[in-house]
Amino acid sequence: MVTEKKQQILDTALLLFVEQGIQATATAKIAKQANVATGTLFHHFSNKQELVVTLYRSIKDELSQSISQDSADKVHPSDNQVDTLKSTIKSYWHQAIEWAMSHPLKWQFLQQFANDPQFKISQQQDVMTSSMAFLVEAVEQGQQQGVLARLPMPLVLNYCHYHYLAVTTLFIEQPELFQQPSYQDGAFQMFWQGLVTKP
């Protein structure tokens, strides 16, 4: 369970990381702005890297929960395996985009983390595998059915992650494009084409 002080530190760290950059933000400044002693910060997090990774994991978990709670109600099963799988993944995709548009600060932190050389791609994939298990399961099912290309899962997850960041960057910088169905549908179609088995 996250205590009030720990959450206070995480919330303050998010604001400062987005404002100043992850590496440019000192733990002393986070503690000061969060109105806690530096010792209290290190009681909850052994070092800055643990604080950053904890924040990253909590945001990814929040994103995951926003998708998995609603998606089952929005998917309409079909006798066609391709249509059913595409509908499921499209539902996940659109909800993830909507979450980013509603949480620009948290999205910006995810973008910073993804581009910070201090944090390896393998760390991001480990978090994605655990927090987005339903997506991994859908991809594996699609591969077994022959709908999706049988590509290594780390490659697929990396593709999903960076295509998502690229599309949400465009939509957040130019929100009027997000309102246009041709851009929303086109973004998903590009994403889907990168996953499916080619004839």
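This is a predicted model: local features need pLDDT of at least 70, side-chain atom pairs count only at pLDDT 80 or more; totals for chains, interfaces and linings use all residues.
Trainee: How far apart are the end C-alpha atoms of residues 3-63?
Mentor: The span is 77% helix and 0% strand, with helices taken as DSSP runs (H or I, at least four residues) and strands as E runs of at least two, numbered from the N terminus.

Trainee: What distance separates the centres of domain 1 and domain 2?
Mentor: The chain is assigned domain 1 (1-46) and domain 2 (56-195), bounds that come from an automatic or database domain assignment. Seven residues of domain 1 are in contact with 10 of domain 2 (contact means heavy atoms within 4.5 Å). Taken over C-alpha atoms, the centres are separated by 29 Å.

Trainee: Where does the largest pocket lie?
Mentor: A pocket here is an open set of points on a 1 Å grid over the protein atoms alone, with protein on both sides within 12 Å along at least five of seven lines; lining residues have an atom within 4 Å of a point. This one holds about 180 Å³ of space, and among its 12 lining residues, Gln 7, Leu 10, Asp 11, Leu 55 and Ser 58 are closest to the centre. Helix H1 (4-20) and helix H4 (48-74) each give two or more residues to that lining. Domain 1 (1-46) and domain 2 (56-195) both contribute to the lining, so the pocket lies between them.

Trainee: Which element gives the largest share of the lining of the largest cavity?
Mentor: A cavity is a set of grid points where a 1.4 Å probe fits but cannot get out; the structure holds three of 30 Å³ or more. The largest has a volume of about 190 Å³, and of its 15 lining residues, Ala 96, Met 128, Met 132, Leu 135 and Tyr 164 lie nearest the centre. Two or more residues come from each of H4, helix H5 (81-102), helix H8 (133-145) and helix H9 (153-173). The largest share, four residues, comes from H5.

Trainee: And which element gives the most to the lining of the second largest cavity?
Mentor: That cavity has a volume of about 40 Å³, and its lining includes Tyr 56, Lys 60, Gln 124, Met 128 and His 161. H4, H7 and H9 each supply two or more lining residues. With four residues, the most comes from H7.

Trainee: Is Ser 131 buried or exposed?
Mentor: Ser 131 sits in helix H7 (residues 121-131). Leaving out residues up to four places away in sequence, Ser 131 touches Lys 60, Asp 61 and Ser 64. Buried means under 20% relative accessible area, exposed over 50%, and partly exposed in between (1.4 Å probe, protein chains only). Ser 131 has 8% relative accessibility, so it counts as buried.

Terms used
Residues are numbered from 1 along each chain as its sequence is written. Side-chain values use heavy atoms; hydrogens and water are left out. Grid points are joined across faces, edges and corners, and a volume is the space filled by probe spheres set on the points.
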